[in-house]
Amino acid sequence: MPVLCRDCENLFEAGRRCPSCQSPRVTQHEELTSLAIAHMDCDAFYAAIEKRDRPEIRDQPVIIGGGRRGVVSTACYIARMYGVHSAMPMFRALKLCPDAVVIKPRMQAYSEASKQIRAFMTELTPAIEPLSLDEAFLDLSGTERSHGAPPAVLLARLVNRMEREIGLTGSIGLSHNKFLAKLASDLNKPRGFSIIGKAETAAFLAKKPVGLIWGVGAVQQKRLARSGIRTFADLRRRGRERLESEFGAEGIRLWHLAQGEDDRRVKPSRPMRSMSSETTFHKDISDREVLNGYIWRLSEKVSARSKRKELAGRVVTLKLKRHDFKLVTRRRTLSEPTQAAEHIYTIANRLFEAETHPGPYRLIGVGLSDLVGFTEPVIPSGSLDPESAKSIRAEQAADSIRQRFGPDAIRKGRSLR
């Protein structure tokens with residue numbers, strides 16, 4: 001059985017330690033040298049960068065997120081031992097881990113590290129499908145000839161280089177499709193290297209909970225449980241026809257994944273589908289004039305980003321989180337795509353005005369989706385006043401002034417609310 005030393009990247013035939021460097025960090029598998037679909041996931045990415053840049057907090061629990069009223073973006077593994085996890089309200093995280101070092105996200109630093117890692121990946125294969133700043137699928141089929149080593153060795157080189165040159169670690173999942181590769185990358189974090197081969201797929205999945213399937217959240221799990229489905233084995237026993245009858249197209253998808261089947265290819269480019277900006281308040285707000293000011297500022301941010309990306313969207317979304325944590329989402333589809341702050345604001349504010357709940361609210365967000373490309377400023381032909389040619393040209397003029405003199409060179413009065 002082939003064995004890979006994850007430290008010196010040596011391939012050998014048998015043993016629990018590498019014969020070259022004596023490292024015990026070895027991975028062995030019958031299909032080690034034949035599998036080519038991988039998922040690389042950085043280990044506690046944001047927190048790892050903060051610990052790298054601030055050695056004095058290396059051995060302390062670290063939480064990345066906003067103030068006490070925000071949510072956890074991510075947490076280091078020490079903090080996770082206390083029960084802290086992503087998307088947890090910050091006040092709850094600090095109750096679990098009161099001694100944690102809380103750091104606001106530094107997106108620029110995270111983006112720079114992501115670019116470095118992506119460059120390392122590109123040297124191995126052009127078939128890279130990023131899922132976020134810190135994870136991506138890779139298809140290494142056919143790369144052995146050009147690199148002189150099978151995909152497993154190339155992946156060990158990737159994470160070793162990340163650790164050596166950037167000071168960050170990652171975990172590898174290697175399999176015969178994307179679904180299983182992503183499952184594998186979570187099996188032995190941090191610094192993991194796990195393999196799910198074709199021969200073992202059915203046995204590996206049998207007792208696993210259906211919650212491991214992407215898109216099967218808490219609500220769907222309860223729905224499946226009411227039908228007696230809790231594991232992959234339960235899905236298989238149900239049969240394709242019955243699953244389709246009960247759950248439609250989703251039932252067919254569940255049946256294929258229950259067999260470990262996933263024919264999705266690694267797509268080198270994934271078009272941006274949406275963009276948004278949101279803020280969590282330090283104190284719940286019910287004053288609608290103050291909230292209106294936030295809607296404008298968030299609309300400006302979304303607009304500025306869409307212009308930088310040369311995109312426009314057909315759907316405007318308003319996101320509200322009430323004081324009791326109930327999340328409300330409202331959206332409206334436009335007749336023509338827009339990237340104008342004035343138009344985004346007008347639609348978002350109308351959605352807000354139609355919301356009958358008096359508040360207070362702890363979070364508000366504005367989004368733009370169903371994106372299409374635009375290389376010229378968008379001037380829709382509709383008659384809606386804020387989207388008139390005059391209004392759009394005024395916004396273009398303001399954009400030009402900001403580009404020349406800075407983002408605060410010209411501001412609307414409503415931004416001061």
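Predicted model: local features only at pLDDT ≥ 70, side-chain atom pairs only at ≥ 80, totals over all residues.

Reply: Residues are numbered from 1 along each chain as its sequence is written, and side-chain values use heavy atoms, with hydrogens and water left out.

Helix H7 spans residues 178–185, and seven of its eight residues are buried, so the rest of the structure largely encloses it. Helices here are DSSP runs of H or I with at least four residues, numbered from the N terminus. Buried means under 20% relative accessible area, with a 1.4 Å probe and protein chains only. The buried residues of H7 are Lys178, Phe179, Leu180, Ala181, Leu183, Ala184 and Ser185. At the start of H7, the backbone nitrogen of Phe179 has a side-chain oxygen of Asn177 within 3.2 Å.

Now the rings. Rings of Phe, Tyr and Trp (its six-membered ring) pair if their centres lie within 6.5 Å; planes under 30 degrees apart count as stacked, over 60 as edge-to-face and the rest as tilted. By this rule there are nine aromatic pairs. One of them is the tilted pair of Phe45 and Tyr46, at 6.0 Å centre to centre and 50° between the planes. Phe45 is buried, with a relative accessible area of 3%, and Tyr46 is buried, with 18%. Phe45 and Tyr46 form one aromatic cluster with Tyr110.

Notes:
Buried < 20%, exposed > 50% of the residue type's maximum accessible area, 1.4 Å probe, protein only. Helix = DSSP H or I, 4+ residues; strand = E, 2+ residues; numbered from the N terminus. Polar contact = N/O pair within 3.5 Å; in protein donor to acceptor, adjacent residues only side chain to side chain.
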